[in-house]
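Hello,

Here is the structure I promised to pass on to you. Have a look at it first, and then read on for what I found in it.

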Amino acid sequence: MTTVHHINCGTLQAPGGPVAVCHCLLLEDPAGLALVDAGIGLVDCRDPVGRIDQRIIDIGGFRFDEADTAARRIEALGLRPADVRDIVLTHADPDHAGGLADFPHARVHLAAEELAAVEAGDFRYQPPQFAHGSRWVPHGPGTRDWFGLPARPVPLGFTSEVLLVPLFGHTRGHCGVAVRQGDRWVLHVGDAYYLRAELSTDDHPVSALAAARAADDPARRASLEQVRRLHRDHADRIDLLGYHDSGELPGWPG
Ligand SMILES: [Zn+2]
């Protein structure tokens, strides 16, 4: 079975907001390593304003610390960054995609709709983060029914199945990523919620921020309802986590 490591690959603190982490997954398999999201990267730390618009750095409250990057986290686990052959992206926002350049030879799997939004030049994405020549692998509409959602298998050749699960709305092609763990699944919901508290209320202070950042807010709300349904009806089979809630990151702070 593929081992799932939980690693923090970046820290943000928007003015007046709580500290937000960048909760990535490192998948360790005999076939190699894969990342679920890439976090803030080494190259971002060395040249923040060359990579990310200053306004976005200020609004998001980006912090740049090399220890909080996927490359350094992988080394700290005694593994080799060069063994990362695949990266599965929930979406391509700068706090999720900055680390791509640290793994230039890795294939980058994402929803075809997300790649189309990147290539259309949507202002939310940061072109310098892709300038090294990302090896995109877009995945189109899927037919694999996964707890009632049309999932898209990501063929990594790993011992555990990995799926892109469309949860559109935060961005045009935003997806969750499901990783099989025996009879259970880990579902990384990306930014389908910012805080786990959103599973039980629409009235959290962060809800307005989530609505404001959404490319398609009605779609985002529908996706959040799907995540709530999975949590309500399938908690015995699915372990949920989001990208930014520090309370979901094992061992945080550390
Ligand atoms: Zn994010």
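Before we start, one term: two residues are in contact if their C-beta atoms, placed from the backbone, lie within 7 Å. Please also keep in mind that this is a predicted model.

**The chain as a whole**

How many helices and strands does the protein chain have? Its secondary structure comes to eight helices and 13 strands. The radius of gyration is 17 Å, close to the 18 Å that the globule rule gives for 254 residues, so the chain is as compact as a globular protein of that length. Along the principal axes, the C-alpha atoms fill a box of roughly 45 × 45 × 40 Å. Buried residues account for 46% of the 254 residues. If you take the contacts between residues at least 6 apart in sequence, 63% of them join residues at least 24 apart.

As a reminder, strands of a sheet pair through backbone hydrogen bonds, either parallel or antiparallel. Seven strands make an open sheet here, in the order β4-β1-β2-β3-β5-β6-β7, and the pairing is mixed.

**The six-stranded sheet**

There is also an open sheet of six strands, ordered β8-β9-β10-β11-β12-β13, again with mixed pairing. Its edges are β8 (144-146) and β13 (238-241); each has a single partner strand, so one side of each lacks a neighbour in the sheet. From one strand to the next, the twist averages 35°. Helix α8 (residues 217-233) packs on this sheet and touches β9, β12 and β13, with its direction at about 140° to that of β13.

Let's walk through some of its strands. β9 and β10 pair in the antiparallel sense over two bridges, and Pro153 stands opposite Leu163 in β10. How much of β10 (residues 162-166) is buried? Five of its five residues are. Val162, Leu164 and Pro166 point one way from the strand, while Leu163 and Val165 point the other way, and all are buried.

Next comes β11 (residues 175-181), which pairs with β10 in the antiparallel sense over five bridges. You can trace this pairing through Val162, whose bridge partner in β11 is Val179, and through Val165, whose bridge partner there is Gly176. β11 is mostly covered too, with five of its seven residues buried.

β11 also pairs with β12 (residues 184-188), in the antiparallel sense and over five bridges. Here Arg180 stands opposite Trp185 in β12. The two strands form a hairpin with two residues between them, and Gly182 in the turn has a positive phi of about 65°.

Pro150 lies in strand β9 (residues 149-153). Is Pro150 buried or exposed? Pro150 has 12 C-beta neighbours inside 10 Å, so Pro150 counts as exposed.

Which residues does Pro150 touch, leaving aside its neighbours within four places in sequence? Pro150 is in contact with Pro141, Gly142, Thr143, Asp145 and Pro166. Pro166 is one of the buried residues of β10. For a sense of distance, Pro150 and Thr2 are 148 residues apart in sequence and 23 Å apart in space, C-alpha to C-alpha.

Enjoy exploring the model, and write back with any questions.

Best wishes

Notes:
Residues are numbered from 1 along each chain as its sequence is written. This is a predicted model: local features need pLDDT of at least 70, side-chain atom pairs count only at pLDDT 80 or more; totals for chains, interfaces and linings use all residues. Two strands pair if DSSP finds at least two bridges between them. Helices (H or I, at least four residues) and strands (E, at least two) are DSSP runs, numbered from the N terminus. A residue is buried if 20 or more other C-beta atoms lie within 10 Å of its own, exposed if 12 or fewer, and partly exposed in between; C-beta atoms are placed from the backbone. Axes are lines fitted to C-alpha atoms, for helices over the stretch in contact, and angles run from 0 to 180 degrees between N-to-C directions. The radius of gyration is taken over C-alpha atoms; the globule rule is 2.2 Å times the number of residues to the power 0.38.
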